[in-house]
Amino acid sequence: MSHPNPQPTTADTDLPISGGAVAHDGTKAPGDESLAPQQTRIMGRASYFLAWFGGCVSIGTFAMGSSVVGTLNLIQATLAIAIGCFVIGIALAINGAAGYKYGIPFMVQARSAFGFAGTRIPGLVRAVPAIVWYGFQSWIGAGALNMVSATLFGFDNLVFYFITFQFLQIGLSVMGFQGIKWLENIGSAFILASLTYMFYATVQRYGDELSANLLTMEGSWGLPFWGATMLFLGIYSTMMLNVSDYSREHKHGTGPGILTTIYAMSILPCTLFMGLIGFMVSEATGTADPIQVFANAVDNTPLLMTTLLFIAFAQVTTNVLNNVVPPTYVLMDVFKMKFPIATVIVGLLAFATFPWKLVQPESAAGLQLFVQTYSAFLGPIFAILVVDYYIIRRRTLDLGKLYDETGPYQGVNYAALIATLVGIAAALSFSAVSWYASLVPAGLTYYLLMKHWAPCQRFRQ
């Protein structure tokens, strides 16, 4: 069996990508990203941990916390978030193993299961939620800046700040992983300090009311509880698919156990703070809009201004890592674009998501439905990738074939498409736990078809 973390060789790294470019040696310049196997890795353990820490500040987590008010008590909500985060950590380590070992991105990893043409389907499934969250979180960040501006300077123009904020993020995204690394590493401390303070302020302001309501209510340990774990898990189910886009940047030498810990423990603090803040403030005030959550929780103007600036900054760290890279690589694969051009297009597409509709108070339930629905598509693809890499390929990939458009992986692997549909049907039948419900049906169907269906045999090579 091959070493689990082999150093890349010249044969592995100097391979042509589908667009005809060639991977290169040496230091990676800002924005110099490609689909070729990654040779220059720029993130050690600490840097990789901080990148995930800073990149997981999804403001949608506040809305997810708001959506379980009246269903779970405080202890149940806390455990649901924690369980979701540890499942995320395990899933990221499992599916990111191929990218970590071979230095390949998600769009290349998926070729062995879906085929060159078929990979566009999981690529599209991954890209659409990323662009939606990109627009949603940009609107939240712009709203925070606008509140600061209106309070301090009397200038109140949310549209202006949204456009400006979005173009700022586009400019940062063009820098690629070199820019992402430093942005995430520097920003993590500020994000943690802000969220710690916000949690403290929420408990101080609403503690008596919360203890009366949230600790004494019975809640549920049944399906609603496990559905809640999936809600918080579902926010990250997109990253579970394309985790290889990030693991390929992590330096060799980290075992799967440590990687699982890095993922879970980097995601847990922010998710726990944000989910519980949204949960508690919504219970106390009935407010689901994240900006209003902060306005209600903090009555000291300087501290509120500082907190809002932190929140705006957090949207940048999350978007450039988690919501820009995946659709950018999809555009690079499908349309043979360069990384900087693709990031600009992704940023412009985020304008078309109508994020001002998603932050309305009545939208918390809609966001919950959105997470449940797209998780139904993401779970089957995740299961197929895992079965393909660990069972069909036995953790050994032929990189030459993955980059050969006329080789055995050309076209579409219908076994993967059929298995995806089976998984989606199972997920939609159990929408409250859609991601969980899709895994076994999709993975088992894919395995059986690959083993026994003749049209799939060339994909077994």
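What share of the contacts in the protein with a separation of 6 or more comes from residues 24 or more positions apart? The figure is 86%. Keep that in mind as you look around this model, which is predicted.

Let's begin with the whole chain. The protein has 22 helices and zero strands, so helices are what you will meet as you follow the chain, each counted as a run of at least four residues. Of its 461 residues, 59% are buried. The protein exposes about 16900 Å², and carbon and sulfur atoms supply 68% of that area.

How far does the predictor trust its own picture? The average pLDDT is 84, and 87% of the residues score at least 70. One stretch to read with care is residues 1–26, where pLDDT stays under 50. The model has 50 contacts beyond four places in sequence for this stretch.

Now find helix α16, at residues 325–335. Here 10 of the 11 residues are buried, so the helix is largely enclosed by the rest of the structure. Among the buried ones are Val325, Pro326, Pro327, Tyr329 and Leu331. Asp333 is on the buried list too.

Next, a patch on the surface. Val159, Ile163, Phe167, Val344 and Leu348 form a nonpolar patch there, with about 410 Å² of accessible area together. The elements that give two or more residues to this patch are α9 (158–173) and α17 (339–349). Helix α9 provides the largest share, three residues. Look at Ile163, which is found in α9. Is Ile163 buried, partly exposed or exposed? With 38% relative accessibility, Ile163 counts as partly exposed, because that class lies between the buried limit of 20% and the exposed limit of 50%.

Finally, let's turn to the cysteines. How many disulfides are there? The count comes to zero. A disulfide needs the two sulfur atoms to be within 2.5 Å. Cys270 is also buried, with a relative accessible area of 1%. Cys456 is buried as well, and its relative accessible area is 1%.

Terms used:
Residues numbered from 1 in each chain as written. Predicted model: local features only at pLDDT ≥ 70, side-chain atom pairs only at ≥ 80, totals over all residues. Heavy atoms only, no water. Buried < 20%, exposed > 50% of the residue type's maximum accessible area, 1.4 Å probe, protein only. Patch = residues over 30% accessible without salt bridge, like charges linked within 9 Å, V, L, I, M, F, W, Y side chains within 5 Å. Areas by Shrake-Rupley, 256 points an atom, 1.4 Å probe, with all protein chains shown as cover. Salt bridge = Lys/Arg side-chain N within 4 Å of Asp/Glu carboxyl O. pLDDT = per-residue confidence, 0-100. Contact = heavy atoms within 4.5 Å.
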